[in-house]
Amino acid sequence: MPSLEETIAAVAAYTIDKDMENEVWQKGVAINGLLAADRDDCTEAARALVDRAVETQDSNGQLSYGPSYPIEVFQHGKEYDAHWEIDERKAMNTNNTTSIGHGVLDFYRRTGEERYLEAARGEYDNLQSVERTEDGGIPHHVPELSGVKGLWIDSVYMMCPFFARYGAAADEPEAFDEAAKQIIVHAKHLQDLHTGLFRHIWHEQPNSYPQSTFWARGNGWIQAAIVDVLEYLPDDHPDRDELIEIFRDVSSAVVERQDDSGMWYNIVDDPHTPLESSGTLMYTYAFKRALELGIVEDEKYERAARDAMEVAIGLVDDEGAVRRVAGPPGGPGAPLTSTSYGQGFFLLAASQFADGS
């Protein structure tokens, strides 16, 4: 079996060569992974993707040609059919483009070029204009078009690290508050009180869960979002302890459900579903970052992350593609494939071990 360093190089090369022109959030995760790899060729590729997203920012401030129309939600899972017609406009997304904003702000930090901060401001201002749930949650789709105000667990990763980074870059404390608030509001509606795990989708009216499984990547979104937010959130922020408590609750529930193989199931509590790589890699990344930040200290998280990383090396094929990634939108019945976000989360997870730690 190749070494971790050899595998990182293969995954990085495959990711650099991948055509992501028509992708949105998938590309945002890939950019984060390329930057985490800390290689000159990866940084150059990430900057090319970011610059293209800035060049194609629309008049509303949304990067990379503007909002996506995630028709893939209708490719499998009848749980969606009662809530949307198969109509592109009704599926218009509010925050997927914000995932690219993480990389935009990273290059502002690296270069100081104001065009990056201005592009981030466009994303930030656009999300401030979105109609919200009664308790202030930013819906995953435009309510005026979809006819519903729905919170998706995906959103916390797209939005919240971006808000926290923007607060630091633009010296806007309100953005820190927004980062914390969105995590807390999403947890209020999506975290199961009995298990600590997170459901996928909640709708305000009628109060319902059109997709209620404890989906692997969904529980990865919340954990990765919180550790990335806490890196930028001021130590004295009043919501910091609540975010840590949410992270500990869900991480404790997840770590206990790791399969003996080192991976996790696509539906975390259902061993009759396939072992899946994107959730596995997200947990690996989040556990290692949490240990580094001092959010958790128990050795079980270190063991879980190491076991997962060992098996993850074998998930990479000879060309550098990360296999067994649940395709969009995840949840039950999602096909296993290779994706840009799978590449990105492999690089994010592997970067936590690259120095031998």
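**Aromatic rings, cysteines and a pocket**

Tyr116 counts as buried, at 0% relative accessibility (buried means under 20% relative accessible area, exposed over 50%, partly exposed in between, with a 1.4 Å probe and protein chains only). The model is predicted, so local features need pLDDT of at least 70 and side-chain atom pairs count only at pLDDT 80 or more, while totals for chains, interfaces and linings use all residues. Residues are numbered from 1 along each chain as its sequence is written, and side-chain values use heavy atoms, with hydrogens and water left out.

The ring of Tyr116 has a partner. Rings of Phe, Tyr and Trp (its six-membered ring) pair if their centres lie within 6.5 Å; planes under 30 degrees apart count as stacked, over 60 as edge-to-face and the rest as tilted. The structure holds 14 aromatic pairs. In one of them, Phe107 and Tyr116 are tilted, with 6.2 Å centre to centre and 35° between the planes. Phe107 is buried too, at 2% relative accessible area. The charged end of Arg110 sits over the ring of Phe107, 5.6 Å from its centre (NZ of Lys or CZ of Arg must be within 6 Å of the ring centre and within 35 degrees of the ring normal).

Which two rings have their planes at 90°? They are those of Tyr124 and Phe163, and the pair is edge-to-face, with centres 5.7 Å apart. Tyr124 lies in helix α5 (residues 114-128) and Phe163 in helix α7 (residues 154-170), so the pair ties together parts that are 39 residues apart in sequence. Helices (H or I, at least four residues) are DSSP runs, numbered from the N terminus. Tyr124 is buried at 7%, and Phe163 at 0%.

Turning to the cysteines, Cys42 is buried at 0%, and Cys160 is buried at 0%. A disulfide is a covalent bond between the sulfur atoms of two cysteines. With the cut-off that the sulfur atoms lie within 2.5 Å, a search of the whole structure finds zero disulfides.

On a 1 Å grid over the protein atoms alone, a pocket is an open set of points where a 1.4 Å probe fits, with protein on both sides within 12 Å along at least five of seven lines; lining residues have an atom within 4 Å of a point. The largest pocket is lined by 23 residues, of which Leu35, Ala36, Leu348, Ser351 and Gln352 lie nearest its centre. Helix α4 gives the most to this lining, with four residues.

Definitions and conventions: Helices (H or I, at least four residues) and strands (E, at least two) are DSSP runs, numbered from the N terminus.
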